[in-house]
Amino acid sequence: MAKPLKKLVSCVILDLDGTLLNTDGVVSEVLKGFLAKYGKQWDGREAQRIVGKTPLEAAAAVVEEYGLPCGKEEFLAELHPVFYAQLCNIKPLPGASRLLKHLSGHGVPMALASNSPRGSIESKISYHQGWKDYFSAIVGGDEVTAGKPSPEMPGVTAGKAAGMEVVAVPSVPKQVHLYTSADEVINSLLDLQPEKWGLPPFQDCKSFDTYIFALHHGIEGTLPTEPWYISGPVVKGFGRGSKVLGIPTANLSPKGHSSLLSEHPSGVYFGWAGLSTRGVYKMVMSIGWNPYFNNAEKTIEPWLLHEFTEDFYGEELRLVIVGYLRPEVNFPSIESLIAKIHEDKRIAERALDLPLYSKYKDDPYLSSSLHSESNHS
Ligand code: ADP
Ligand code: RBF
Ligand code: MG
């Protein structure tokens, strides 16, 4: 049974790094550059080990992990200025701008509480139009005598101790068990439902007409995203898509896509898929760890909504992702997983007919063929 709403929320306190900003993305990029200097190669899988750490802690972990021929302090001293020069490249996490705009538009007061120093906070947010004005108060780690109590759970314990309702948005995957004291744990801000807390609900379908159309077609649950692009050859997956589920997914290799993967929360998305020699198709995909199968690696699995008469392993697949459907979840049975994926398919199929989403069908990215080899034959 759902927990009864204890109190109506009247103002919101937000964390910055890993909640509103993808700070880890930039930390990863900086560390990658340093490793190259030491002749080591960053393959993206270490990313998980540095998430949620300060740049300094992350650096220490990397020195140890890679057995770098330098002291931790030396590495940190080198890293620091490079990281600070990159503050301008820290991007908002998906759903962050939407949330800030929404709450501010409804006059909900917001404050920012972060463990990083005040100056660093101000500098980070200064690169995002309007962000400074969203907050009526900002508190930095250097302005309080004791920072947030536990580095594993920034803010959750503090929030509960202050009698607040706390929604945790962990940046480390598969760590839900660390946040048991939070009132809710969500995968990303895309999944936040303000109305659960007595705040005004999102109304994303931009025009009233679109909203009514969506209601009629059962696609009111889709959320348009800034389109993002990803491509690569179709690789072998776990061999269970078609065999176990009857749902073939043309897997892309996570290698070489580590920054895109860290930028985009796991979940079920939809968009358009281009196969250079075949055409452009509607597509619905999961990106993540497939909780039902509990994969070790974040996978990218698009199901092309078309009947093919043959496999197309090795072919160049290009994707434009235009909308978000739901978080990945676990299911009590394989039948319920399959049923849910078929529902995703129906929603995506209809949604992609909306001008909002259908306009990307003609995106040149989908049909531009990368490889000239195919012309030689
Ligand atoms: P794997 O585990 O190797 O990804 P799947 O059972 O998921 O195997 O099957 C995926 C393969 O099936 C794709 O790589 C592709 O070659 C083929 N395929 C056939 N029809 C489709 C479709 N509609 N969508 C995605 N892949 C398809
Ligand atoms: N797997 C899950 O464990 N949970 C999900 O919520 C989930 N949603 C999916 C949605 C779509 C549209 C697709 C294509 C796949 C989804 N899967 C999900 C992934 C499924 O488990 C995966 O395709 C198989 O593991 C095959 O490798
Ligand atoms: Mg597959």
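**Aromatic rings in context**

Mentor: The protein chain has 15 helices and ten strands; these are DSSP runs numbered from the N terminus, helices being H or I of at least four residues and strands E of at least two. This is a predicted model: local features need pLDDT of at least 70, side-chain atom pairs need pLDDT 80 or more, and totals for chains, interfaces and linings use all residues. Residues are numbered from 1 along each chain as written, chains are lettered from A and ligands numbered from 1 in written order, and side-chain values use heavy atoms, without hydrogens or water.

Now the rings. The structure holds ten aromatic pairs. Rings of Phe, Tyr and Trp (its six-membered ring) pair if their centres lie within 6.5 Å; planes under 30 degrees apart are stacked, over 60 edge-to-face, the rest tilted.

Take phenylalanine 270 and tyrosine 357. Their ring centres are 4.9 Å apart and their planes stand at 80°, so this pair is edge-to-face. Phenylalanine 270 belongs to strand S7 (residues 267-275) and tyrosine 357 to helix H13 (residues 355-358), so the pair ties together parts 87 residues apart in sequence. Both residues are buried, where buried means under 20% relative accessible area, exposed over 50%, and partly exposed in between (1.4 Å probe, protein chains only).

Elsewhere, Phe34, Tyr38 and Phe75 form one aromatic cluster.

Two rings also carry a charge over them. The rule asks for NZ of Lys or CZ of Arg within 6 Å of the ring centre and within 35 degrees of the ring normal. Arginine 98 has its charged end over the ring of phenylalanine 202, at 3.6 Å from the centre. Arginine 318 lies over the face of tyrosine 365, 4.3 Å from the ring centre.

Now the whole. Of the 377 residues in the protein chain, 45% count as buried. Among contacts (heavy atoms within 4.5 Å) with a separation of 6 or more, 71% join residues 24 or more positions apart. The accessible surface comes to about 19200 Å², 55% of it from carbon and sulfur atoms; the areas come from the Shrake-Rupley method with a 1.4 Å probe, and for residues only the protein chains shown count as cover.

Last, the cysteines. The disulfide count is zero, taking a disulfide as two cysteine sulfur atoms within 2.5 Å. Cysteine 11 is partly exposed, at 43% relative accessible area. Cysteine 70 is buried, at 10%.
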